[in-house]
Amino acid sequence: MSHGNQNTIEKVVSIYGIGVHSGAPATLSFHPAEPDTGLRFIRTDLEGSPEIPVDLDHVVGTDLGTSLGEGEVRILTVEHVLAALAARDIQNAVLELSGPELPILDGSFQGYMEILEEAGIQEQDPAKAVIQIPEPITVELPSGEFYVAAPGKGLRISATIEFDHPAIGRQFGTFYFGEDSFLQEIAPARTFGFKTDADGLHARGLALGASLENTVVMDDEGVLNEELRFSDEFLRHKVGDMVGDLSLLGASL
């Protein structure tokens, strides 16, 4: 199916920051792309500037973030920028990255939404691809996670998370994705983690760039940051991550 036209960006824009897991600095530059070429990353810091298409076939890891790869080349933590591109309805773009991981910025999706607004949107002639689900699809994982996708108009995500922590507990919400809803309801929500997990993550080479500047951090009693942006910020961030991961389908839902 198709509904509406494809889009790219109008001008080149760049953003700089460190990766939340690698701690490595990197600049990400967004470039316009031709119709029907999709999204693709280019590692400009590596010899030959290897390219990695943004699709399910190139997912190589989902441990505390979604990673894409081709051969030995990796790009870590792509879900935030992909969510922003999906929310801005951009199907075609070249993303040049000068390091191994996307900048975490403040831990939310907001910085990417803002830089893409600065880039502008250029409508293209071909129709964009849309997936319409004909009947319910259910997936249950051994870990207890449970997913259902069902027919509907537009995209609505209802989600529940549950953590044994006084700041989170059980949170549930429903979000309808229209023109501005992602920007207002999801984009400001930051990634989060637990102080007690820090040493174990560092030993695995993860969370090396995490700080109170880019992560909501919790100790045994509560949140160490000054304040939450939403009472259910944890849920909203997980929903935003899901939007980014679903964009790997290569079509709008």
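Is Arg 236 buried or exposed? The legends below begin with this residue in a predicted model and then turn to other close-up views.

**Figure 1. Arg 236 in helix α5 of the predicted model.**
Arg 236 is found in helix α5, which comprises residues 233–246. With a relative accessible area of 16%, Arg 236 is buried, because residues under 20% are counted in that class. A polar atom of the Arg 236 side chain lies 2.9 Å from the backbone oxygen of Glu 185. Apart from neighbours within four places in sequence, Arg 236 is in contact with Phe 175, Glu 185, Ile 186, Ala 189 and Phe 230.

**Figure 2. The crossing of helices α1 and α5.**
Helix α1 spans residues 79–87, and the axes of α1 and α5 come within 7 Å of each other. These axes cross at roughly 75°, and the two helices are therefore roughly perpendicular. On the α1 side, the contact is made by Glu 79, His 80, Leu 82, Ala 83 and Ala 86. On the α5 side, the contributing residues are His 237, Gly 240, Asp 241, Val 243, Gly 244 and Asp 245. Sorted by class, the contact has four nonpolar, four polar and three charged residues.

**Figure 3. Helix α1 and its surroundings.**
Seven of the nine residues of α1 are buried, so this helix is largely enclosed by the rest of the structure. The buried residues are Glu 79, His 80, Val 81, Leu 82, Ala 83, Ala 84 and Leu 85. They pack against strands β3 (25–32), β4 (39–43) and β9, and also against helices α2, α3 (181–186) and α5. Just after α1, Asp 89 takes a positive phi of about 65°.

**Figure 4. Gln 91 in the loop between α1 and β9.**
Gln 91 is located in the loop that connects helix α1 to strand β9 (93–97). Its relative accessibility is 19%, and Gln 91 therefore counts as buried. The side chain of Gln 91 reaches the backbone nitrogen of Asn 7 at 2.7 Å. A polar contact of 2.7 Å also joins the side chains of Gln 91 and Asp 89. Not counting residues up to four places away in sequence, Gln 91 touches Asn 5, Gln 6, Asn 7, Gly 38, Leu 39, Lys 128 and Ser 252.

Strands β4 and β9 run parallel and are joined by five bridges. In this pair, Phe 41 stands opposite Leu 95 in β9.

Helix α2 comprises residues 110–119, and its buried residues are Gly 111, Tyr 112, Met 113, Ile 115, Leu 116 and Ala 119.

**Figure 5. Pro 126 in strand β10.**
Strand β10 covers residues 121–129 and includes Pro 126. Pro 126 is partly exposed, with a relative accessible area of 23%. The C-alpha atoms of Pro 126 and Asn 5 are separated by 5.7 Å, although the two residues are 121 residues apart along the chain. Leaving aside neighbours within four places in sequence, Pro 126 is in contact with Asn 5, Gln 6, Pro 35 and Asp 36.

**Figure 6. The hairpin of strands β11 and β12.**
Strand β11 (residues 137–140) and strand β12 (residues 146–149) run antiparallel and are joined by four bridges. Glu 140 stands opposite Phe 146 in β12. The two strands form a hairpin with five residues between them. In the turn, Gly 144 has a positive phi of about 105°.

Conventions
Residues are numbered from 1 along each chain as its sequence is written. This is a predicted model: local features need pLDDT of at least 70, side-chain atom pairs count only at pLDDT 80 or more; totals for chains, interfaces and linings use all residues. Side-chain values use heavy atoms; hydrogens and water are left out. Buried means under 20% relative accessible area, exposed over 50%, partly exposed in between (1.4 Å probe, protein chains only). A polar contact is a pair of N or O atoms within 3.5 Å; within protein, one must be able to donate a hydrogen and the other to accept it, and residues adjacent in sequence count only if both atoms are side-chain atoms. Contact means heavy atoms within 4.5 Å. Axes are lines fitted to C-alpha atoms, for helices over the stretch in contact, and angles run from 0 to 180 degrees between N-to-C directions. Angles under 35 degrees count as roughly parallel, over 145 as roughly antiparallel, 65 to 115 as roughly perpendicular and the rest as oblique. Ala, Val, Leu, Ile, Met, Phe, Trp, Tyr, Cys and Pro count as nonpolar, Asp, Glu, Lys and Arg as charged, and the others, Gly among them, as polar. Two strands pair if DSSP finds at least two bridges between them.
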